[in-house]
Amino acid sequence: MPRIAHHDEQKRTLAELGLISASVIHEVRNALQGIGNSLFLLEHDPSLQPKPREWIATAQRELARAFEASRQTLALVRQDTPVQFSVTAVLDEVLAACAARTNYQGIAIERRYEFKGRIEANEGAVREVFTNLVLNALDAAPRESGKLAISTSVSKRANGRDIRGVQIMFADNGPGIPEKDRKKIFQPLFTTKKGKGTGLGLWVSHRLVRQQHGLLRFVTRAGNAKRGSCFSVFLPLKQS
């Protein structure tokens with residue numbers, strides 16, 4: 001009994017730390033947003049000289065990196081109550097939010113939705129994972145000839161026993177992941193996006209999927225005509 005009480009105390013402490021962390025990150029994000037607004041106004045000041053304009057552009061890039069890192073961290077510490085929601089509706093919302101970038105880069109989106117039902121999970125966490133995987137695919141896909149295929153289907157995974165769930169796949173026709181990087185792809189602070197990525201997206205996504213009792217895996221092919229990467233998310237369906 002004392003061990004159980006100690007375990008419950010640890011869980012309460014971790015939950016409180018999570019709430020405090022989320023609150024702090026939220027305030028930091030608000031401050032970053034304010035700084036970003038000020039930089040935007042400065043950048044569009046007609047009296048600004050070329051050299052200071054370059055400095056502001058650099059500051060904006062670094063600010064975007066900090067804002068992205070705070071978003072990833074907030075997703076990691078936030079603990080929402082599981083709810084029932086439509087997987088394809090969340091996918092469509094994520095794609096709609098990325099539509100301007102998709103159109104600008106000339107990337108073709110293909111939807112293959114075999115499973116159109118609902119699952120019970122942390123919707124915010126799942127949305128964050130989908131957003132990370134879509135953005136990574138857009139970063140990888142070539143301009144004007146890029147493709148991103150997203151599919152959903154019912155699947156089974158052996159984890160001591162067969163578990164029925166839904167598999168969501170994100171396949172791009174980018175350059176693929178070099179073999180030397182594949183074992184590090186889910187490690188924190190590792191990125192293949194030189195000068196752009198924070199190295200947190202896939203690490204956070206991997207942890208969030210595990211929190212939903214699911215699996216995040218990938219296959220990739222580099223250096224040939226059929227190169228590209230496919231990330232798959234498996235989320236269990238509620239057993240009836």
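**Helix packing and loop residues in a predicted model**

Apart from its neighbours within four places in sequence, P82 is in contact (heavy atoms within 4.5 Å) with E120, A121 and N122. P82 sits in the loop between α2 (50–77) and β1 (83–86). With 48% relative accessibility, P82 counts as partly exposed; by definition, buried means under 20% relative accessible area, exposed over 50%, and partly exposed in between, using a 1.4 Å probe and protein chains only. Between P82 and Q212 there are 130 residues of separation in sequence, yet their C-alpha atoms are 9.1 Å apart in space.

The model is predicted, so local features need pLDDT of at least 70 and side-chain atom pairs count only at pLDDT 80 or more, while totals for chains, interfaces and linings use all residues. Residues are numbered from 1 along each chain as its sequence is written, and side-chain values use heavy atoms, with hydrogens and water left out.

The overall layout comes next. The protein chain has six helices and seven strands, where helices (H or I, at least four residues) and strands (E, at least two) are DSSP runs numbered from the N terminus. Read from the N terminus, the order of elements is α-α-β-α-α-β-β-α-β-β-α-β-β. Of the 240 residues in the protein chain, 37% count as buried. Among contacts between residues at least 6 apart in sequence, 72% join residues at least 24 apart. Another pair separated in sequence is A31 and F67, which are 36 residues apart along the chain and 9.9 Å apart in space, C-alpha to C-alpha. A31 belongs to helix α1 (residues 2–43) and is partly exposed, with a relative accessible area of 45%.

How do the helices pack? Two packed helices are described by the angle between their axes and the distance between the axes. Here the axes are lines fitted to C-alpha atoms, for helices over the stretch in contact, and angles run from 0 to 180 degrees between N-to-C directions. For helix α3 (residues 87–97) and helix α5 (residues 123–140), the axes come within 10 Å and cross at roughly 50 degrees. That angle makes α3 oblique to α5, since angles under 35 degrees count as roughly parallel, over 145 as roughly antiparallel, 65 to 115 as roughly perpendicular and the rest as oblique. On the α3 side the contact is made by V87, V90, L91, E93, V94 and L95, and on the α5 side by E123, R127, F130, T131 and V134. Sorted by class, this contact has seven nonpolar, one polar and three charged residues; Ala, Val, Leu, Ile, Met, Phe, Trp, Tyr, Cys and Pro count as nonpolar, Asp, Glu, Lys and Arg as charged, and the others, Gly among them, as polar.

Helix α5 also meets α6, with axes that come within 9 Å and cross at roughly 145 degrees. The residues making this contact are A125, E128, V129, N132, L133 and N136 of α5, together with G201, L202, S205, L208 and V209 of α6. They divide into six nonpolar, four polar and one charged. In helix α6 (residues 201–211), the buried residues are G201, L202, V204, S205, L208 and V209. Seen down the axis of α6, these fall within an arc of 155 degrees (taken from the directions from the helix axis to the C-beta atoms), so they line one face of the helix.

Finally, H213 follows α6 and lies in the loop between α6 and β6 (215–221). H213 has a positive phi of about 65 degrees although it is not a glycine, and at 69% relative accessibility it counts as exposed.
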